[in-house]
Amino acid sequence: MPFSLRGGVSAAHSIDGMVLLDEHAGRYWQLNATATLILRALLCGASPGEVAKRLTGNHPGLSVEQADRDVAHLLAALRRAGLVTP
């Protein structure tokens, strides 16, 4: 399932990752480097499972189960905030 930023949400790269601006609510969201990697991969069409596998490649001590939970947690937070749409 491909994801996209909801209309009215803009993204800007930062030194530490990415900043999302919800223009309708006037709220900013700061994403760290890992959250930025996850969001970029999802926006490029990767599935949450594929993103979790990428994370374990970047972080050798990270289990697939923990990576799955981390991706699901971030995706749920982005959805609750209304920042992404499937």
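At what angle do α1 and helix α3 pack, and how far apart are their axes? In this predicted model, local features need pLDDT of at least 70 and side-chain atom pairs count only at pLDDT 80 or more, while totals for chains, interfaces and linings use all residues. Residues are numbered from 1 along each chain as its sequence is written, and side-chain values use heavy atoms, with hydrogens and water left out.

To take the opening question directly, α1 and helix α3 (residues 64-80) pack at an angle of about 75 degrees, with their axes 11 Å apart. Axes here are lines fitted to C-alpha atoms, for helices over the stretch in contact, and angles run from 0 to 180 degrees between N-to-C directions. Helices (H or I, at least four residues) and strands (E, at least two) are DSSP runs, numbered from the N terminus. The two helices α1 and α3 are therefore roughly perpendicular to each other; on the scale used, angles under 35 degrees count as roughly parallel, over 145 as roughly antiparallel, 65 to 115 as roughly perpendicular and the rest as oblique. On the α1 side, Ala-35, Ile-38, Leu-39 and Leu-42 make the contact, and they meet Val-71, Leu-74, Leu-75 and Leu-78 of α3. Contact means heavy atoms within 4.5 Å. Sorted by class, this contact of α1 with α3 has 8 nonpolar, no polar and no charged residues. In that sorting, Ala, Val, Leu, Ile, Met, Phe, Trp, Tyr, Cys and Pro count as nonpolar, Asp, Glu, Lys and Arg as charged, and the others, Gly among them, as polar.

Next comes the sheet. An open sheet is formed by 3 strands in the order β2-β3-β4, with antiparallel pairing; two strands pair if DSSP finds at least two bridges between them. At its edges lie β2 (9-14) and β4 (27-31), each of which pairs on one side only. On average, and with direction ignored, neighbouring strands of this sheet are turned by 20 degrees against each other. Helix α1 (residues 33-43) packs on the sheet and touches β2, β3 and β4, its direction making about 65 degrees with that of β3.

The strand pairs can be followed residue by residue. Between β2 and β3, which run antiparallel, there are 6 bridges, and a hairpin joins these two strands through 2 residues. Ser-10 stands opposite Leu-21 in β3. Strand β3 (residues 17-22) also pairs with β4 in the antiparallel sense, over 5 bridges. Here Met-18 has Leu-31 of β4 as its bridge partner, and Val-19 stands opposite Gln-30. The hairpin of β3 and β4 has 4 residues between the strands, and in this hairpin Gly-26 takes a positive phi near 70 degrees.

Buried means under 20% relative accessible area, exposed over 50%, partly exposed in between (1.4 Å probe, protein chains only). Not counting residues up to four places away in sequence, Thr-36 touches Gly-17, Met-18 and Leu-31. Met-18 and Leu-31 are also bridge partners, as described above.

Side chains of opposite charge can pair when their charged atoms come close. A search of the whole structure finds 1 salt bridge, a term used for a side-chain nitrogen of Lys or Arg within 4 Å of a carboxyl oxygen of Asp or Glu. The side chains of Arg-6 and Asp-22 meet in a salt bridge at 2.8 Å, N to O. This pair links distant parts of the chain, 16 residues apart: Arg-6 is in the loop between β1 (4-5) and β2, and Asp-22 is in strand β3. Arg-6 is partly exposed, with a relative accessible area of 24%, whereas Asp-22 is buried at 6%.

Two further residues complete the account. Thr-56 lies in helix α2 (residues 48-58) and is buried, with a relative accessible area of 19%. Leaving aside neighbours within four places in sequence, Thr-56 is in contact with Leu-62, Ser-63, Val-64 and Ala-67. Ala-72 is found in helix α3 and is partly exposed, with a relative accessible area of 44%.
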